[in-house]
Amino acid sequence: MRKVLIVDDAVSMRQMVGFTLRQGGYDVVEAEHGQDALNKLQSTTVDLVLTDLNMPVMDGITLIQNLRRIPAMKSKPILMLTTEGLAAKKEQGKAAGATGWIVKPFDPEKLLQTLAKVLP
Amino acid sequence: MNKSVQSQASGVESSFSPSMASGVSGLGSDVESELAQYLPHFSRMSEQLKQTSSQIENSVIDVCNSFQGIAQRARETVDRTKGFLGRDGEGSSDKRTFEGLIENCSGTLVKILKVTEEAGEMSRRAVERIREMDKASESINAAVQQLERIAVGNKILALNARIEAARAGRYGAGFAVVAMEVISQTDKSQKVNALVSGLIKNLRSLAGSTLDDLNRMNVEDQQRVEQCKHEVDESLRDMQGAHGEMKKMLTGMTDEGALLANDIGAAVRGLQFQDRTNQRIAHVIEDLGVLSTRLKTRFGEPADGDAASYEGFSSFTMREERAVAGIEEAESGAGEVELF
């Protein structure tokens, strides 16, 4: 079963994304901010990271930059899931190494389709 | 997705403009002192907004957890149904499937009918044999009758021999004894003939009644087999019909399960209003903080007794709040409950 790391400071969002992914047959790991995600990745490996942008402690862009420095995460898909839709922010994400950008509110079916598309 | 939520969400940036605070410095002293009275309420308002935000989030989490349970059960039902339908569609070799059971049942009933038909066939063969035996008995009877005619002829012949022996006198005496003996033997032979004839008669009568019984049994068996065949065919048709209905119902349940999953998906999408609402509330809290800080800078920390009555902030009724929000009531008092 493919494992996805969900990074979001809102418990409800993690619940909703987690619920959608579990329905789609994915295993789910949750983290409440970027640093928490990095800590979790020390003890577990994942196939994909789905992260929010604005979070306390460590935001999504910084998280992606850090993840891309980890050899195991270099080629893994990382998707941003955020309310932010500005082109400049998207460019920042792309430059940091994000694989894609999904604007909230997400469509559960589309989210699953996107995951299937980016996962090798 | 709710369009109003979308349009609200597009304005998630802070609505507070620094010029609003800087404009305060130009107000008259009465207005300034009025504003200063409300300063202590900012933190309370912020706290209330945080609580509201937290309550909304907790409610959404609860709903999400419920969805998790509903979806799990729906998925299990769909999986079980699909499993059953899948097995059922693989053919009847699997005895656990309904189709397999019908097939087995049908096979068993066909075997029973075949055995019954075989029994009927044997009975028919027995009838044929008894008929043949009856014909043989008839032939024996004819032969016995022939023997009887021969015996009668022999008796007449012996009688004539006696007459001729009497005419011959002393020389015919021995011949008369032989003739008497022939008559005696013929009598015995006729007795045996009569006995055999009686036995044949009894045998034929027995064979006749056995034939009648067997024929009647055959006809009844034939009717019973036909009746059974008809009933079995009807039962199998009913079972197949019921199975078809059940299959249709289960397929419908699978489709319903898929629709339920879609509905839950749509509900999850709808529930995300909470994320944007919380962000918006967070911005409002942030603005209140900025405003509070600026007013404190402008007017200084207010003394405890300076606070204006808080009731001024909470005197709105639900009806007034709905009116402010532009929500019209369909019916006066609708949805309200009063218990005594």
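**Exercise 1.** Determine which residue A:Ile6 stands opposite in strand 2 of chain A.

*Solution.* A:Ile6 stands opposite A:Glu30. Strand 1 (residues 3–7) of chain A is joined to strand 2 of chain A by 5 bridges, and the two run parallel. Strands (E, at least two residues) and helices (H or I, at least four) are DSSP runs, numbered from the N terminus. The model is predicted: local features need pLDDT of at least 70, side-chain atom pairs count only at pLDDT 80 or more, and totals for chains, interfaces and linings use all residues. Residues are numbered from 1 along each chain as its sequence is written, while chains are lettered from A and ligands numbered from 1 in the order in which they are written.

**Exercise 2.** State the strand order of the sheet in chain A and identify the strands at its edges.

*Solution.* The 5 strands form an open sheet in the order 2-1-3-4-5, with parallel pairing (two strands pair if DSSP finds at least two bridges between them). Strand 2 (27–31) and strand 5 (100–103) of chain A each have a single partner strand, so one side of each lacks a neighbour in the sheet.

**Exercise 3.** Describe the side of chain A that touches chain B.

*Solution.* In chain A, 15 residues are in contact with 21 residues of chain B (contact: C-beta atoms, placed from the backbone, within 7 Å). Helix 1 (11–23) and helix 5 of chain A are the elements giving two or more residues to this side. Helix 1 of chain A supplies the largest share, 8 residues.

Terms used:
Two residues are in contact if their C-beta atoms, placed from the backbone, lie within 7 Å.
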